[in-house]
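Reader: Please show me the model, and then take a few questions on its side chains.

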Amino acid sequence: MSLNKPTFYQIAATPILLFFLSTWSILLSCAPPERHTADGLFLYTPDSLATYDLKNPDAKYLLPYVLEEVSGITYLEEGKLACVQDEDGKVFIYNHKTGSIDDVIRFAGTGDYEGITTSGQTIYVVQSNGNIFQFDRGDQKPKVEKHETPLNKSNDVEGLTYDAKSNSLLLACKADGEIKGKNSNKKGFFTFDLQKEKLTKDPSFSLSKKKIKAYLEQHKDFIYEEDRINFKPSGIAIHPLSGHYYIIASIGKLLLVVDRSGHIISSMPIDPRLLGQPEGICFAPNGDMFIASEGQGDKGYILKFNIEE
């Protein structure tokens with residue numbers, strides 16, 4: 001009984017087949033690692049806080065060109081928001097139902113104005129150096145009270161919100177989190193007592209890369225490089241129903257929810273295709289959320305996110 005011998009073609013094909021198999025194996029081993037999405041890395045929101053869909057705004061309002069560099073917004077009443085832009089001391093009363101500016105209030109000259117909030121008829125505007133301007137909304141030529149704080153340009157104040165529980169203002173720093181020459185890698189949030197007209201010596205709470213890393217690693221199956229976490233606050237607002245702090249960062253494209261003890265309780269990435277440069281945030285009394293973005297060479301705009309029950 002004779003065995004079938006391999007043909008010439010079978011013998012020739014064997015090394016070729018082995019070559020392709022080995023090459024394919026090498027290519028697979030050299031394949032780039034799996035790319036993680038922003039949601040995969042930075043999205044963690046408990047069910048109790050999953051009340052906004054940041055990927056699907058319910059409305060978009062294009063602002064007039066004078067607000068191309070909108071830097072802060074606050075809710076006034078149904079259909080109306082007060083806005084500031086970071087180059088001129090004016091408050092613009094924007095009617096998002098008509099798409100027009102109903103009123104303009106001059107309160108100061110040129111400057112770097114970054115945040116705005118209200119308490120009743122009183123408007124507060126903050127400069128990046130920490131100066132706070134206070135005036136009455138109803139006056140066309142308002143009597144302006146200026147509060148100087150120990151903060152300065154190096155702190156780069158970017159956000160301002162009114163806290164009704166303590167009758168105070170909360171200032172969010174984009175840069176250095178300390179005052180009086182102390183350097184810090186933390187982003188500080190300082191309280192300005194409206195009764196005493198005085199800023200707290202130390203931050204009421206602070207956020208750091210280390211703190212954000214610890215929060216994410218607590219909820220994600222991933223090890224984060226601290227140096228690659230970027231979060232520089234550009235706006236802050238207090239949620240009218242929960243009382244939590246909602247803090248947005250244009251640099252880092254992230255929205256963090258922080259409780260009143262300063263603990264991070266939610267993290268939501270911001271899609272740069274929807275909000276190219278988010279600079280301001282505020283809420284309607286029912287919880288609907290508004291986020292404003294600079295126009296980056298075009299019209300600034302505001303996105304509305306209805307609260308989901």
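This is a predicted model: local features need pLDDT of at least 70, side-chain atom pairs count only at pLDDT 80 or more; totals for chains, interfaces and linings use all residues.

Reader: What is the angle between the planes of Phe 107 and Phe 135?

Author: The two residues form an aromatic pair, with ring centres 5.1 Å apart. Planes under 30 degrees apart count as stacked. This pair is stacked, and the angle between its planes is 15°.

Reader: Which strands does that pair link?

Author: The partners are 28 residues apart, so the pair links distant parts of the chain. Phe 107 is in strand E5 (residues 100-110), and Phe 135 is in strand E8 (residues 132-136). The strands are E5 and E8.

Reader: Is Phe 205 buried or exposed?

Author: Phe 205 stacks with Phe 189, at 4.5 Å centre to centre and 10° between the planes. Buried means under 20% relative accessible area. Because its relative accessibility is 7%, Phe 205 counts as buried.

Reader: Why does Leu 194 count as buried?

Author: Leu 194 is in the loop between strand E12 (187-193) and strand E13 (198-199). Leaving aside neighbours within four places in sequence, its contacts are Tyr 124, Tyr 162, Asn 167, Ser 168 and Leu 169. The cut-off for buried is under 20% relative accessible area. Leu 194 counts as buried because its relative accessibility is 13%.

Reader: Over the face of which residue does Lys 60 lie?

Author: Lys 60 is 4.5 Å from the centre of a ring. The residue whose face Lys 60 lies over is Tyr 301.

Conventions. Residues are numbered from 1 along each chain as its sequence is written. Side-chain values use heavy atoms; hydrogens and water are left out. Helices (H or I, at least four residues) and strands (E, at least two) are DSSP runs, numbered from the N terminus. Buried means under 20% relative accessible area, exposed over 50%, partly exposed in between (1.4 Å probe, protein chains only). Contact means heavy atoms within 4.5 Å. Rings of Phe, Tyr and Trp (its six-membered ring) pair if their centres lie within 6.5 Å; planes under 30 degrees apart count as stacked, over 60 as edge-to-face and the rest as tilted. A charge sits over a ring if NZ of Lys or CZ of Arg is within 6 Å of the ring centre and within 35 degrees of the ring normal.
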